[in-house]
Amino acid sequence: MDYIEVRLTVPPEALEAVANLLNEQGSGGVAIDDEREATLRAYFPDDERLEERLKTLRGALSDLVAFFPGMAEWREERRRVHEEDWANAWRQFYHATHVGRRLVVVPTWESYQPGIEDVVIRMDPGMAFGTGTHPSTALAMRWIETVLDEGSSLRPPRGEVLDVGTGSGILAIAVALLDPGRSVRALDIDPVAVRVARHNVEENRVGDRVRVALGEVGAEPAGVYALVLANLTADLLAENAAHFARVLAPGGLLIASGIVDVYAEEVRRHLTGEGLLWQGARSESGWVAPLLEKPRPGQAPSGSQG
Ligand code: SAH
């Protein structure tokens, strides 16, 4: 299959937001050519969804003008690339990356000598989102490390984990590798992501505990999940706030990510409005990832002020 390379030149302050939009439209990898000039290259498969993706992308880019006035200047160029070139174009930017204290993401085609404390995730993200290098993924992975740590003051209760929008499967695999006692249900609405995630789950030998399925959070049963992971977008987090609150077990935790910082307050309103306690947020390069807790019966909502 051929790919269409889309080159965008945008104001530097809008770089992260635009990179996320490209990923949302199904670009497997976004290369940032030059941080100063802020040119991004993204690759989309030249299939029947291409025009729709580019149309959605243009709409979303126009919306960004409200937040980044310089965005009015964005330029778009298109070029056809053959599959082999595409693979190399983004692979050359993807190397072993230390994401948290212990988690290291290593492309499947690279060799890596792990350190004694390292927990290595092998990844071939293909056309799915989730290389580990995007700040929203990295923030979620760091929260996962924190809450699964024995010494953490906020640990999820016993029970299953739900990964909503699993993409490459990276967060689900991180949980399975960090905590051999956990099993994970990983969902995505994109069949390509489901295929890629299954492949990565096998690659990391956690197929006995990570089950990947096509689906979304709305169809999940109430009150069962000890930990919910959702690296989506501000809109989707707000839209699904009631579902997140519903599927969590009492004392269960929600790690949300994918929020461009200007929307963080709005997402907070929606999630705390469903009774979840805001236990803190971390941010990096304009991205915000909060941690929330579903109160146990009778628990005072002290955390909601944090
Ligand atoms: N979890 C990965 C990927 C996040 S990208 C990571 O942290 O890097 C978000 C993913 O959510 C995409 O794969 C997209 O297909 C999926 N998605 C979008 N809307 C969704 C929805 N309503 N329900 C489930 N998945 C959704």
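This is a predicted model: local features need pLDDT of at least 70, side-chain atom pairs count only at pLDDT 80 or more; totals for chains, interfaces and linings use all residues.
Residues are numbered from 1 along each chain as its sequence is written, and side-chain values use heavy atoms, with hydrogens and water left out.

Let me begin with the salt bridges around R101. The side chain of R101 meets that of E117 at 3.9 Å, N to O, and here E117 sits in the loop between strand 6 (103-107) and strand 7 (119-123), whereas R101 sits in the loop between strand 5 (97-98) and strand 6, 16 residues apart. Helices (H or I, at least four residues) and strands (E, at least two) are DSSP runs, numbered from the N terminus. R101 also forms a salt bridge with D149, at 3.3 Å, N to O; D149 belongs to the loop between helix 4 and strand 8, and this pair is 48 residues apart.

R101 is exposed, at 58%, while E117 is partly exposed at 46% and D149 is partly exposed at 30%.

Another salt bridge joins R185 and E220, with the closest N and O atoms 3.0 Å apart. R185 lies in strand 9 and E220 in the loop between strand 10 (210-214) and strand 11 (225-231), so the pair ties together parts that are 35 residues apart in sequence. E220 is buried, with a relative accessible area of 6%.

I turn now to R182, in the loop between helix 5 and strand 9 (184-188), which is buried at 6% relative accessible area. A polar atom of the R182 side chain lies 3.3 Å from the backbone oxygen of P156. If we leave aside neighbours within four places in sequence, R182 is in contact (heavy atoms within 4.5 Å) with a set of residues that includes P156, G159, V175 and R209. G159, for its part, is found in the loop between helix 4 (135-148) and strand 8 (160-164), and is partly exposed at 36% relative accessibility. Eight of the nine residues of helix 5 (residues 170-178) are buried, so that helix is largely enclosed by the rest of the structure.

Finally, the domains. The assignment, which is automatic or taken from a database, gives domain 1 (2-90) and domain 2 (139-293), and their C-alpha centres lie 26 Å apart. Six residues of domain 1 are in contact with seven residues of domain 2. The area buried between them, meaning the accessible area (1.4 Å probe) that two parts lose on being put together, summed over both, is about 580 Å², of which carbon and sulfur atoms give 63%. E16, N20 and F67 supply 63% of the area that domain 1 buries against domain 2, more than any other three residues. How many salt bridges are counted between domain 1 and domain 2? The count is zero.

Key. A salt bridge is a side-chain nitrogen of Lys or Arg within 4 Å of a carboxyl oxygen of Asp or Glu. Buried means under 20% relative accessible area, exposed over 50%, partly exposed in between (1.4 Å probe, protein chains only). A polar contact is a pair of N or O atoms within 3.5 Å; within protein, one must be able to donate a hydrogen and the other to accept it, and residues adjacent in sequence count only if both atoms are side-chain atoms.
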